[in-house]
Amino acid sequence: MRFVFRTAGEITFGPGTAAHAPAVAARFGRRVMLVVGGRSLERSGMLDRFEREILGAGMSATRWAVTAEPDVAAIDEGTRLCRDARIDVALAIGGGSVLDTAKAVAALAVNGGRAVDYLEDLGNKSPRTIERAPLPVVAVPTTAGSGAEVTRNSVLRVPEARVKRSLRSDLLIPRAAIVDPELSSTTPRSVAASSGLDALTHLVEAYVSLGAQPTTDRLAVEGIRLAAGALWLLAEEKATHESNAAMALASLWGGMALANAGLGAVHGLVAPLGGRYSIPHGAGCGCLLAATLRTNVVALRARSPTSATLERYATVARALVRNGERTIEQAADAIDALRRALGIGTLARYGVLASELAEVVAQARGGSMRSNPVDLTDTELERILEDSLHERTDVL
């Protein structure tokens, strides 16, 4: 048995731990780039407090706000800012987009070039590789879902190509991750729902991935159980401090699992969808997860009926389904029911057009698709999209 397990150099988890972020950043240098997201942290006073602590320790702080999902132009802009300020360390506080932005900027600030030069599966060119260690990144997630605080990629939009693609390297993994469940507990319900479905998808896909390994298996199975329980409480408006902490932990474990095991067809398809339509990443995953599970299982039963992955899907069902018969089919139905209960619509509600599905499939190859447990045909991938366009009347 051989495997490699990669994760952040240091992980701190627990309520109130975000307060230690400036001190952790200070270990890596004196010029800090504060990469932040929306205005909620500013309204809470946390950013001002962080800046006072940084300045009080004789350090400097350059604040940069990320107001949308990162695209290649934004990364190039942030890289120029980082170089001009001669930044030593990036302290990223926000959702997955903020963390991915900081990771990409920290890499390009040292390695040079443009963001688009490093993206995988973009046309026929071979991407540049990250050869020099990026600036240290201290990642503090404020949502429970992306797991970007422990992943080795940064997902960027390429508007002219209408896709999202990854800048990927083991060197992108943050030097320190601080996961404070109190930060994600104030997330708006719609954002928490989308983020949580992203985490659940990471855990399910990593568990059945071709790259699955013993360590990620343990994280994934328990993470699925934690995420499903927390998301049902969120859907029923019964979330507690304990369920918020469980969701934050499931998100962290999902990030660790995907960084080492890979993902699958859901993430292969959601990348071109996210480049074409204004669909939140986690919501897109939630729309696709049930249909992808069904399609994978049908394909495995037809082409590899003795595959051990079928038993893995049975394990997913046991961890995911709350009551009744815990079959694989029930797992897919439970995912659909959970998505609806969380208020996440179908692909059609996000503007996805049936006339463009073939083009989406054509852009879905490579990337996460390589780790899907079975090699799906274009017809099967298009069927996943078709089944995800509208609600299934047989499971309502």
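**A buried arginine, its salt-bridge network and the parallel sheet**

The model is a predicted one, in which local features need pLDDT of at least 70 and side-chain atom pairs count only at pLDDT 80 or more, while totals for chains, interfaces and linings use all residues. Residues are numbered from 1 along each chain as its sequence is written, and side-chain values use heavy atoms, with hydrogens and water left out.

Arg-339 has a charged partner: its side chain meets that of Asp-336 in a salt bridge, at 3.4 Å from N to O (a salt bridge is a side-chain nitrogen of Lys or Arg within 4 Å of a carboxyl oxygen of Asp or Glu). Both residues sit in helix H13, 3 residues apart, or about one turn of the helix (helices are DSSP runs of H or I with at least four residues, strands are runs of E with at least two, and both are numbered from the N terminus). Asp-336 is tucked away as well: its relative accessibility is 6%, so Asp-336 counts as buried.

Put together, Arg-294, Asp-333, Asp-336, Arg-339 and Glu-391 are linked in a network of salt bridges.

Across the whole structure there are 26 salt bridges. One of them joins the side chains of Arg-152 and Asp-170, at 3.1 Å from N to O. Here, too, distant parts of the chain are linked: Arg-152 is in the loop between strand E5 (137-141) and strand E6 (153-158), and Asp-170 is in the loop between strand E7 (163-168) and strand E8 (176-179), 18 residues apart. Asp-170 has 39% relative accessibility, so Asp-170 counts as partly exposed.

Next, the cysteines. A disulfide is a covalent bond between the sulfur atoms of two cysteines; here the working rule is a pair of cysteine sulfur atoms within 2.5 Å. By this rule the count is 0 disulfides. The sulfur of Cys-285 has its closest cysteine sulfur in Cys-287, but the two are 9.2 Å apart, which is too far for a bond. Both residues are out of view: Cys-285 counts as buried because its relative accessibility is 0%, and Cys-287 counts as buried because its own value is 5%.

As for the strands, 6 of them form an open sheet in the order E1-E8-E5-E4-E2-E3, with parallel pairing (two strands pair if DSSP finds at least two bridges between them). The edges are strand E1 (11-13) and strand E3 (60-65), each of which pairs on one side only. On average, neighbouring strands of this sheet are turned by 15 degrees against each other, direction ignored (axes are lines fitted to C-alpha atoms, for helices over the stretch in contact, and angles run from 0 to 180 degrees between N-to-C directions).

Going through the pairings, E1 and E8 run parallel and share 3 bridges, with Thr-12 having Ile-178 in E8 as its bridge partner. E8 is joined to E5 by 2 bridges, again in parallel, and Ala-139 stands opposite Ala-177 in E8. Strand E2 (residues 31-36) and strand E4 (residues 89-94) pair in the parallel sense over 5 bridges; the bridge partner of Val-36 in E4 is Ile-93. Side chains of E8 go both ways: Ala-176 and Ile-178 point one way, Ala-177 and Val-179 point the other way, and all are buried.

Helices lie across this sheet. Helix H5 (residues 96-111) lies across E2, E3, E4 and E5 and runs at about 165 degrees to E4, and helix H9 (residues 241-261) lies across E1 and E8, running at about 165 degrees to E1 (contact means heavy atoms within 4.5 Å).

Finally, helix H7 (residues 189-208). At 1.5 Å a residue, its 20 residues should span 28 Å, and the end C-alpha atoms are 29 Å apart, which agrees (the expected span is 1.5 Å times one less than the number of residues). In H7, 17 of the 20 residues are buried, so this helix is largely enclosed by the rest of the structure.

Notes:
Buried < 20%, exposed > 50% of the residue type's maximum accessible area, 1.4 Å probe, protein only.
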